[in-house]
Amino acid sequence: MKGSLEGRIKAICSEVLRRTRPGREERLKTLRFVESLVDRLRSRLQAAGLEVDVEVQGSVAKDTWLAGEKDIDVFMMVPKVYGRAGFKRVLEVAKEVAGSSFIEAYAEHPYIQAEMDGYTVDFVPCFKVRSALEACSSVDRTPLHTQYVKGKLDERFKDEVRLLKRFMKGIDVYGAEIKVGGFSGYLCEILTLHYGGFIETLRAASRWRRRELIDHEGYYRGRENEALKIFHDDALIVIDPVDERRNLASSIRDTKLNEFIAAAREFLNRPSIEFFYPGEVRPIPVDSLVRGLTLRGSSIVFLRFRVDGLVPDVLWGQLYKSERAIRNLILSYDFKIIRSRVWSDDRENAVILYELDSHLLPPVKRHVGPPIDKREDCGRFLSKYLGAEETVSGPWIEGDRWVVEVRRRYRDVIELLRDKLADGGIEVGVARQISEAMAGSLEVLLNGEIAEFYRSSHDFAVFLTEYLRGKPRWLSRS
């Protein structure tokens with residue numbers, strides 16, 4: 001049985017590699033484009049009198065990219081003597097090279113993203129540093145990461161990295177950007193190096209415990225407790241081989257980490273190519289959707305609004321912050337939330353979803369006051385509720401406390417949200433740019449009222465279909 005299982009895993013990995021390893025034609029086309037782009041940018045920078053090193057970074061530079069990927073990272077390494085003003089100067093030159101189809105963005109540093117000849121190119125300025133000790137941000141470390149990995153990976157390990165990346169893409173835990181909160185490409189490379197391969201990484205991950213420590217270069221060998229104290233808030237700790245002060249896994253959300261662990265266990269026990277290439281999601285027909293939402297018995301509230309012009313990393317950070325703030329608002333008025341999710345097409349539309357036990361509450365609620373031995377608190381309680389308009393019954397003494405029944409200010413969550421978010425919800429903690437977007441375009445929809453938008457947006461239809469099914473696509477016991 002064990003031999004047949006291992007044979008099945010080997011056959012699947014061979015097929016995945018056949019699909020994910022870039023072919024000769026794709027490789028040549030990509031490398032020619034990259035070489036031409038770098039040469040043009042270098043020439044323009046020199047003509048502008050800027051002494052800046054230009055290099056390709058990321059998976060293309062390390063030859064760990066997957067077939068069909070079109071993302072190119074071009075780094076412009078600026079001498080520190082230029083200061084941050086140098087970033088602006090080199091980006092102006094990059095804009096000339098990029099042409100008209102670019103957007104300006106900002107992470108730790110400003111950068112621009114351009115669509116060029118079918119590729120998505122990020123032009124990223126950073127400071128030129130010799131070691132991580134000189135780095136001012138994680139962006140400055142990237143060339144050091146590339147140098148480190150290129151010195152470690154041979155052809156076999158490059159394919160092992162491709163398998164791990166494709167697996168993580170298939171189970172939707174790949175990508176360190178805020179939207180995903182998953183594993184970066186560099187982290188995949190380090191895990192593969194540390195454990196010795198793709199399957200070895202899955203086997204190790206299937207046994208990970210909370211606060212697992214992975215230290216490939218052994219910076220904390222013999223003093224592991226010190227590392228655990230330094231990175232005390234992180235569920236997974238992977239020490240950066242080029243910077244012992246940094247945890248490569250610090251941005252991974254707990255859900256994504258645990259999804260990877262669970263998927264690793266499932267694949268090792270029940271291998272299937274669907275972990276790498278999950279089947280296409282066919283949205284539920286609209287009529288079935290409306291009927292299903294009604295029969296579900298819960299209340300699903302959709303906050304739909306437009307987000308034109310927001311850069312994805314900024315957008316998703318603000319969406320998650322806003323989701324938490326509105327969740328707290330809903331809970332503070334006694335509504336019970338089952339689940340919540342955030343969706344956006346990264347261009348125009350966003351939806352924050354809350355599923356509640358019910359969108360309606362009884363008109364009256366019980367409110368327990370202070371114990372009798374708190375004399376001053378009791379006085380304030382009686383002054384507030386005795387004869388008050390909101391008081392329905394009481395106050396009375398029950399056991400050692402005053403109790404009163406009061407009329408709810410909001411018994412319908414739809415009314416609550418339309419009222420509190422009418423101006424964008426900035427006072428309840430909605431992030432500023434999301435608040436501005438909501439103030440001008442918010443719709444609060446209940447259950448089947450989302451049908452029109454569902455019909456118009458395939459991406460949202462896929463998202464909601466997966467939400468309603470609940471089970472991840474890779475989870476199957478058949």
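A helix axis here is a line fitted to the C-alpha atoms over the stretch in contact, and angles run from 0 to 180 degrees between N-to-C directions. The views below come from a predicted model.

**View 1. Helices α6 and α8 pack against each other.** Two packed helices are described by the angle between their axes and the distance between the axes. Here α6 covers residues 155–170 and α8 covers residues 198–205; their axes sit 8 Å apart, at an angle of about 50 degrees. Angles under 35 degrees count as roughly parallel and 65 to 115 as roughly perpendicular, so α6 and α8 are oblique to each other.

**View 2. A look at the residues where α6 meets α8.** On the α6 side you'll find Glu-160, Leu-163, Leu-164 and Phe-167. Across from them, α8 brings in Phe-198, Ile-199, Thr-201 and Leu-202. Sorted by class, this contact has 6 nonpolar residues, plus 1 polar and 1 charged.

**View 3. Three strands make an open sheet.** Read across the sheet and the order is β6-β7-β8, with mixed pairing. The edges are β6 (212–214) and β8 (243–247), each of which pairs on one side only. On average, neighbouring strands are turned by 25 degrees against each other, ignoring direction.

**View 4. Zooming in on β7 and β8.** Strand β7 spans residues 236–240 and runs antiparallel to β8, with 2 bridges joining the two. Look for Asp-240, which stands opposite Asp-243 in β8.

**View 5. Helix α5 lies across β7 and β8.** This helix is made of residues 138–150, and its direction is at about 120 degrees to β8.

Note on methods
Residues numbered from 1 in each chain as written. Predicted model: local features only at pLDDT ≥ 70, side-chain atom pairs only at ≥ 80, totals over all residues. Heavy atoms only, no water. Pairing = 2+ DSSP bridges. Helix = DSSP H or I, 4+ residues; strand = E, 2+ residues; numbered from the N terminus. Contact = heavy atoms within 4.5 Å. Parallel < 35°, antiparallel > 145°, perpendicular 65-115°, else oblique. Nonpolar A, V, L, I, M, F, W, Y, C, P; charged D, E, K, R; others polar.
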